[in-house]
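Have it open while you read, and go point by point.

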Amino acid sequence: MSEMNFDWDDLRLFLAVARGQGLARAVDVTGKSAPTLGRRMLSLERRLGQELFERMPRGYALTEEGQAFFEKVCRLEAELVPMVETGRPERPLIKISAGSWITALLCRRLPELVGTSGARLRFISAEEVLSITRRETLIGVRNQGPEDPLLAGRKIGRIRFATYAIDRTERPWIRVMGATPSSQWVAAQGGSETGVEVTHPRNALDLALAGAGRAVLPCFVGDRETGLQRVSVEIDELAHDQWLVMHQDDRHIPAVRAVITRLVAILKDNCSGA
């Protein structure tokens, strides 16, 4: 069979007809109609240039050529099926991309996020937007809704920001390097006052807790740190809506839908009122 290209579906149907000794039993096994099976077997015979079946009033019997072909296909089935049918479905991998603070929140709430869905989760902490259409991620937590018609979005709430420090003593700014709105806002405010620069948002929180400076943090982060206090009003220009974005095709998968439901509940509980 190496000199020809075969569709495995044709071979699978051939095996069903051969083993069932006719179309009637193969209908139950394959879900295909008898006329469809008859046409597919005739097409296969024409491609091979061989008569595989002797068609009789009460069924199909393999010809000598058909028996030889049947044995070849059975050997192929024995090699192919174990590679595509493991006997136990793989738990779906659900990739969730979000900024550092949301990712940290979801990590803390992992048990309730997984629930009984049986899904495997992969958290992708990224400040840049990953492509959902190219499946770089499955679910994105973003600051704006989707524009691509292939994507679906759900508005969760609003994220607010303020400045935090251990007390109201004047301290230098702690700036997180990058192109995020909060980083750019600090750069514009701080000027030469910027005391420390870090590459990860978590380190800005660590430095603020250590009394090394003041940091701009999401309110749902800063308000929950007992060692910090707000030292500014909310920064209106940094406030933004929060959205869940996913592919239209993926959101109806049961395991994905279950994770989305739990994700919405966690984010509404922790972020919407911040």
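1. Which residue in β10 stands opposite Ala162? That would be Leu217. Before going further, a word on the ground rules: this is a predicted model, where local features need pLDDT of at least 70, side-chain atom pairs count only at pLDDT 80 or more, and totals for chains, interfaces and linings use all residues. Residues are numbered from 1 along each chain as its sequence is written, and side-chain values use heavy atoms, leaving out hydrogens and water.

2. β7 (residues 161-165) and β10 run antiparallel and are joined by four bridges. They belong to an open sheet of three strands, in the order β10-β7-β11, with antiparallel pairing. Its edge strands are β10 (215-218) and β11 (229-230), each pairing on one side only. For the labels, strands are DSSP runs of E with at least two residues, helices are runs of H or I with at least four, and both are numbered from the N terminus. Two strands count as paired if DSSP finds at least two bridges between them.

3. Now look at β3 (residues 93-98). Five of its six residues are buried, so the strand is largely enclosed by the rest of the structure. Buried here means under 20% relative accessible area, exposed means over 50%, and partly exposed is in between (1.4 Å probe, protein chains only).

4. What does β3 pair with? One partner is β4 (residues 120-125), in the parallel sense over six bridges; there, Lys95 has Arg122 as its bridge partner. Another is β5 (residues 139-142), also parallel, with two bridges, and Ile96 stands opposite Ile139.

5. Follow β5 onwards and you reach β12 (residues 240-247), paired antiparallel over four bridges. Gly140 faces Val245 across that pairing. β12 also pairs with β6 (residues 151-159), antiparallel over eight bridges, with Arg154 opposite Leu244.

6. Finally, the surface. Glu51, Glu54, Glu64 and Glu65 gather in a patch of negative charge. Patch members have over 30% relative accessible area and no salt bridge, with like charges joined within 9 Å and nonpolar side chains (Val, Leu, Ile, Met, Phe, Trp, Tyr) within 5 Å. A salt bridge is a side-chain nitrogen of Lys or Arg within 4 Å of a carboxyl oxygen of Asp or Glu. Glu51 lies in the loop between α3 (34-48) and β1 (53-56), and Glu51 is exposed, at 56% relative accessible area.

Technical notes:
Areas by Shrake-Rupley, 256 points an atom, 1.4 Å probe, with all protein chains shown as cover. Lys, Arg positive; Asp, Glu negative; His and termini not counted. Charge placed at Lys NZ, Arg CZ, Asp CG, Glu CD.
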